[in-house]
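Open the model in your viewer and keep the selection tool ready. This tour moves from one stop to the next.

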Amino acid sequence: MSYSSPYPLAYIFDDHAAFTYNTIFVLLLQIKRAKVSLDNILLRTSASKILRPHDELKTFYAARGRLSWFVKWV
């Protein structure tokens, strides 16, 4: 993605500043997408009991919760 600044700001920000802002903006979008993806991960209990043991599910949801917490506060 790229951002084109309006008329007066184009004279204030040089190319390096625009590149830095663009990099930060892309990082924030990637973090937002990671949070949405983590929030959408859900294993159904009926299907998960057949495929995975209970301890493995607890570990999975604990890791998902920690990653979600980290992404939320970044």
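**Stop one: L9**

Select L9, which sits in helix α1 (residues 7-12). Helices here are DSSP runs of H or I with at least four residues, strands are E runs of at least two, and both are numbered from the N terminus. L9 is partly exposed, at 32% relative accessible area. Buried means under 20%, exposed over 50%, and partly exposed in between, with a 1.4 Å probe and protein chains only.

This is a predicted model: local features need pLDDT of at least 70, side-chain atom pairs count only at pLDDT 80 or more, and totals for chains, interfaces and linings use all residues. Residues are numbered from 1 along each chain as its sequence is written, and side-chain values use heavy atoms, leaving out hydrogens and water.

**Stop two: the aromatic pairs**

How many aromatic pairs does a search of the whole structure find? It finds two. Rings of Phe, Tyr and Trp (its six-membered ring) pair if their centres lie within 6.5 Å; planes under 30 degrees apart are stacked, over 60 edge-to-face, and the rest tilted.

Select Y7 and Y11. Their pair is edge-to-face, 5.8 Å centre to centre with 85° between the planes. Y7 and Y11 are four residues apart in helix α1, so about one helical turn separates them. Both Y7 and Y11 are exposed.

Now select F13 and Y21. Their ring centres are 5.6 Å apart and their planes at 65°, so this pair is edge-to-face too. F13 is partly exposed at 34% relative accessibility, while Y21 is exposed at 52%.

**Last stop: the whole chain**

Zoom out. The chain has four helices and zero strands. Of its 74 residues, 9% count as buried.
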